[in-house]
Amino acid sequence: MELLDRYLQAVKKHLPWKRQDDIIAELRANLEAQLDEKEAALGRPLTNDEAMAWLKQLGSPIQMAAPYLTQQYLIGPAIFPTYRYVLQLACVWTVVINLIVSAVKIAAEDITSPAAWFEALQHVPFTLLLTAAWVTLIFVVIEYAVTHSKTKWILPAAPSAGWSPSELPPLEERGVAGQKPRSYSKAVAEVIFGFLFLAWWLLVPQHPYLLVGPGAPYLLALPYTFAPVYMQFFWWVVALNAVQLAWNGVDLLSGSWQRSHPVKHLATKVFGLIPLVLLLAAPDHALMILKHPALDQARYGGTLAQINKGLYQAAWVVFAIVALQLVWEIVKMSIDFYRKRMAAMG
Amino acid sequence: MTISENLFENLRLELRRGCLTLAVLAQLRQERYGYTLRKALAERGLEIDESTLYPLLRRLEAQGLLASEWREEEKRNKRFYRLSGDGEQIFDQLVKEWQAINASINSIL
């Protein structure tokens, strides 16, 4: 039957070439036996329509051939969890390194326009894709090597008979005062935005445009400037953010971003008060000073006093808000600690 | 096909998969070729598509549970399958397992 021959020919094209002749010979024998029986029951050969209906019932050539193919993976289930973990790490570090390089480049070239930032960052998605492609390629090669090697490989993600329940990590405690654990995306976002903030903060002294926008030229033309205490304030903020960024980065790399760090949480709040205390402790509450006191004291002295009074009051308000937050956190943590202790005592 | 029909079909296929292997092994205690095996299963109420049964025979043979040979019958070359020595042992174990599962499920249902 020509239609059956055409069907088998189409099936053959989808079969593995090493076994296709053998499989087709067997399929032919089975299908011809079925056909003989159908024709014997009818007492005549099948019509073209009947033959087409029969072959259609068998399924398309691809459907018929597919179950003969062995399951193939580019990256199999044994190494997939490792692949996903490495891919996530590689992507995070690609973004971080790209941002550092872009920031250094922009600072070195003394570029201040937002367009330059956009230009520097627009290649990040392409770099991410390239990183993902390389990581995937490496794991495809590993998968191929593992599946085609006669040596038995011990893969890190493979279930091991030698594991011990005592080696399981301790239960992750809930966050401060019963908060939900941080998600991975939130932890990654904290690292990225922490870095962006630090880069922005470090660039502000050289490029006031980043802080006050188009008002920067007017700021330079004013007879006032920041008091020396601002430099202490500036470097305290840098140090605090750098420590926090490093801490978050270590948490992310070590896979412990979900765990709560009550000490870290409180330390951040407490040390966050120090820059504000520095401002409040400035001699004579002088947060701004005259660039040329001898020349401008008579003319701008009164206005300067008003500005400093306003800034000092603003610093107090900010200090009060942060201090109240700290007190609130301590109260919540104490209540949480007390509840846990009572629960433990039964 | 609605979502629930699709879900039912997937679960039904999953449920049948292991049973088919057992049924095929049981039928191949006696030598058969593909089409007569399919008919024998159908006569006992177990319809199996050609695209499921014939590749399954290949897999079971590759696993060493079946042995096969090409032989001429009614002027046609056909591939006959039967349980291998290992296949017989594993079949006995699977039958015991099936009976235990069947009894448990029956008592649960």
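This briefing describes a predicted model with a chain A and a chain B, going from the model as a whole to single helices and strands. Because the model is predicted, local features need pLDDT of at least 70 and side-chain atom pairs count only at pLDDT 80 or more, while totals for chains, interfaces and linings use all residues. Residues are numbered from 1 along each chain as its sequence is written, and chains are lettered from A and ligands numbered from 1 in the order in which they are written.

**Confidence**

- The model scores ipTM 0.83 and pTM 0.52.
- Chain B has a mean pLDDT of 92, and 100% of its residues reach 70 or more; pLDDT is the predictor's confidence in each residue, from 0 to 100.

**Chain A and its helix α2**

- Chain A holds 13 helices and 2 strands, where helices (H or I, at least four residues) and strands (E, at least two) are DSSP runs, numbered from the N terminus.
- Of the 346 residues of chain A, 9% count as buried; a residue is buried if 20 or more other C-beta atoms lie within 10 Å of its own, exposed if 12 or fewer, and partly exposed in between, with C-beta atoms placed from the backbone.
- Among the contacts in chain A with a separation of 6 or more, 79% come from residues 24 or more positions apart, and two residues are in contact if their C-beta atoms, placed from the backbone, lie within 7 Å.
- Helix α2 of chain A (residues 20-42) has 23 residues, which at 1.5 Å a residue should span 33 Å, and its end C-alpha atoms are 32 Å apart, which agrees; the expected span is 1.5 Å times one less than the number of residues.
- Buried residues in α2(A) are I23(A), E26(A), L27(A), N30(A), L31(A) and A33(A), and what covers the buried residues of this helix includes α1 (2-12) of chain A together with α2, α3 and β3 of chain B.
- A29(A) is also found in helix α2 of chain A, but A29(A) is partly exposed, because 19 other C-beta atoms lie within 10 Å.
- Just after α2(A), G43(A) takes a positive phi of about 80 degrees.

**Where the chains meet**

- The contact takes 13 residues from chain B and 14 residues from chain A.
- On the side of chain B that touches chain A, α2 (34-43), α3 (50-62) and β3 (76-83) each supply at least two residues, and α3(B) gives the most, with 6 residues.
- Leaving aside its neighbours within four places in sequence, A29(A) is in contact with Y33(B), R76(B), N77(B), K78(B) and R79(B).

**Helix α1 of chain B**

- Helix α1 of chain B (residues 3-27) has 25 residues that should span 36 Å at 1.5 Å a residue, and its end C-alpha atoms are 35 Å apart, which agrees.
- Helix α1(B) is hardly covered, since the count of buried residues among its 25 residues is 2.

**Strands of chain B**

- Strand β3(B) pairs in the antiparallel sense with β1 (residues 32-33) of chain B over 2 bridges, and with β2 (residues 66-73) of chain B, also in the antiparallel sense, over 8 bridges; two strands pair if DSSP finds at least two bridges between them.
- Within these pairings, Y33(B) stands opposite F80(B) in β3(B), and S68(B) stands opposite Y81(B) in β3(B).
- Strands β2(B) and β3(B) form a hairpin with 2 residues between them, and E74(B) in the turn has a positive phi of about 50 degrees.
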